Amino acid sequence: METSAVRILITALAGFVVFACASSDAAGGLALNFYDNTCPAVYDTVQNVVGQYMSKAPSLAAPLLRMHFHDCFVRGCDGSVLLNSANSSKAEKDAIPNVSLRGFQVVDAAKAAVERVCPGVVSCADILALVARDAVHVLGGPFWNVPTGRRDGVVSIQNEALTKLPPPFANFTQLTSIFASNGLDVKDLVVLSGAHTIGTSHCSSFSSRIYNFTGKGDTDPSLDKYYVAQLKIKCKPGDSKTIVEMDPGSFRTFDTHYYVNVKKNRGLFQSDAALLTNSEAKAYVNRELQGPSFFSDFATSMEKMGRIGVLTGTAGQIRGHCAFIN
């Protein structure tokens with residue numbers, strides 16, 4: 001482990017520091033109006049770039065949302081998932097849970113566009129948070145507040161992504177432990193799992209559930225047998241390339257259909273099925289599948305997640321390019 005890794009501290013302009021302090025909130029320096037005086041065009045600029053990409057590839061919404069999630073759960077929302085590996089030091093981006101991430105080009109394009117308007121002002125961590133929100137909204141999902149003022153981390157360690165991200169085979173105890181370590185509760189777990197209403201997964205992420213659940217060539221008994229049959233048609237043993245919809249029939253629409261599937265024992269991952277193994281979580285599944293509260297609950301949990309472990313003030317830096325430290 002790189003226990004001696006030291007975060008680079010850079011000094012901000014005095015006026016910037018005064019503004020950041022004056023507009024900070026309980027989230028540790030984040031504020032909805034953080035860039036009002038230094039880069040008011042950032043929000044429209046990012047939104048325009050996201051709109052351009054989404055008009056050509058709407059399927060990018062899910063991976064961009066996932067990228068933000070994976071960033072925040074490892075070292076906090078500091079843009080460390082965006083960093084490339086350097087020499088022999090492997091970054092989070094190259095960890096097994098992250099090798100399937102895509103959409104980095106959208107973040108890079110948004111960063112470049114913002115740099116042309118306000119060079120050296122807006123962090124990659126903030127841009128990723130805004131990109132994720134805007135991509136989901138373009139797809140018809142909720143629009144949530146994104147307090148800004150994050151700064152970029154300068155450390156990214158591959159192994160940390162392996163230990164800090166909830167795997168698709170996690171049980172309820174493992175899930176709640178990981179979420180609690182990030183200040184998130186059972187409701188946040190259930191609500192944020194609702195992001196699986198969009199996107200796809202490789203067969204390898206759940207193949208053990210349909211072919212070798214306990215090492216005896218069996219199937220996960222908690223998985224609906226008709227759904228198992230459908231999955232076996234798409235995913236043959238050892239298939240690591242085929243992708244399937246996480247929310248069959250509705251994977252391009254941000255809605256409550258994910259919870260309908262979970263209730264029918266058709267959640268794709270063990271982590272989805274785990275939501276039914278706890279009475280509190282199951283109650284939230286029933287609440288969300290009713291519909292009216294899902295968007296507002298998701299917005300609240302996303303804003304809460306976006307505050308995890310943020311760097312503010314003079315901590316970290318404002319990267320010139322999101323894949324490299326300055």
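1. How many helices and strands are there in the protein? The protein holds 14 helices and two strands, where helices (H or I, at least four residues) and strands (E, at least two) are DSSP runs numbered from the N terminus. The radius of gyration is 20 Å, close to the 20 Å that the globule rule gives for 326 residues, so the protein is as compact as a globular protein of that length; the radius is taken over C-alpha atoms, and the rule is 2.2 Å times the number of residues to the power 0.38.

2. On the basis of these notes: this is a predicted model, in which local features need pLDDT of at least 70 and side-chain atom pairs count only at pLDDT 80 or more, while totals for chains, interfaces and linings use all residues. Residues are numbered from 1 along each chain as its sequence is written, and side-chain values use heavy atoms, with hydrogens and water left out.

3. Buried residues (under 20% relative accessible area, with exposed over 50% and partly exposed in between, for a 1.4 Å probe and protein chains only) make up 51% of the 326 residues. Among contacts (heavy atoms within 4.5 Å) between residues at least 6 apart in sequence, 74% join residues at least 24 apart.

4. The largest pocket has a volume of about 1300 Å³. A pocket here is an open set of points on a 1 Å grid over the protein atoms alone, with protein on both sides within 12 Å along at least five of seven lines, whereas a cavity is a set where a 1.4 Å probe fits but cannot get out; lining residues have an atom within 4 Å of a point. Grid points are joined across faces, edges and corners, and a volume is the space filled by probe spheres set on the points.

5. The lining of the largest pocket comprises 47 residues, of which Arg 66, His 70, His 196, Met 246 and Phe 269 lie nearest its centre. Among the elements that give two or more residues to this lining are helix H3 (61–72), strand E1 (200–202) and helix H14 (294–305), and H3 gives the most, with seven residues. The lining divides into 31 nonpolar, 12 polar and four charged residues, counting Ala, Val, Leu, Ile, Met, Phe, Trp, Tyr, Cys and Pro as nonpolar, Asp, Glu, Lys and Arg as charged, and the others, Gly among them, as polar.

6. The count comes to one cavity of 30 Å³ or more, and the largest cavity has a volume of about 50 Å³. Its lining residues include His 68, Trp 144, Arg 150 and Glu 303, and the lining divides into five nonpolar, three polar and two charged residues.

7. Asn 87, in the loop between H3 and helix H4 (104–117), has a phi near 55° and is exposed, with a relative accessible area of 82%. Asn 265, in the loop between helix H11 (257–263) and H12, has a positive phi of about 65° and counts as partly exposed at 36% relative accessibility.

8. Ile 308, in the segment after H14, counts as buried at 8% relative accessibility. Leaving aside its neighbours within four places in sequence, Ile 308 is in contact with Cys 72, Phe 73, Gly 76, Cys 77, Asn 182 and Leu 184.
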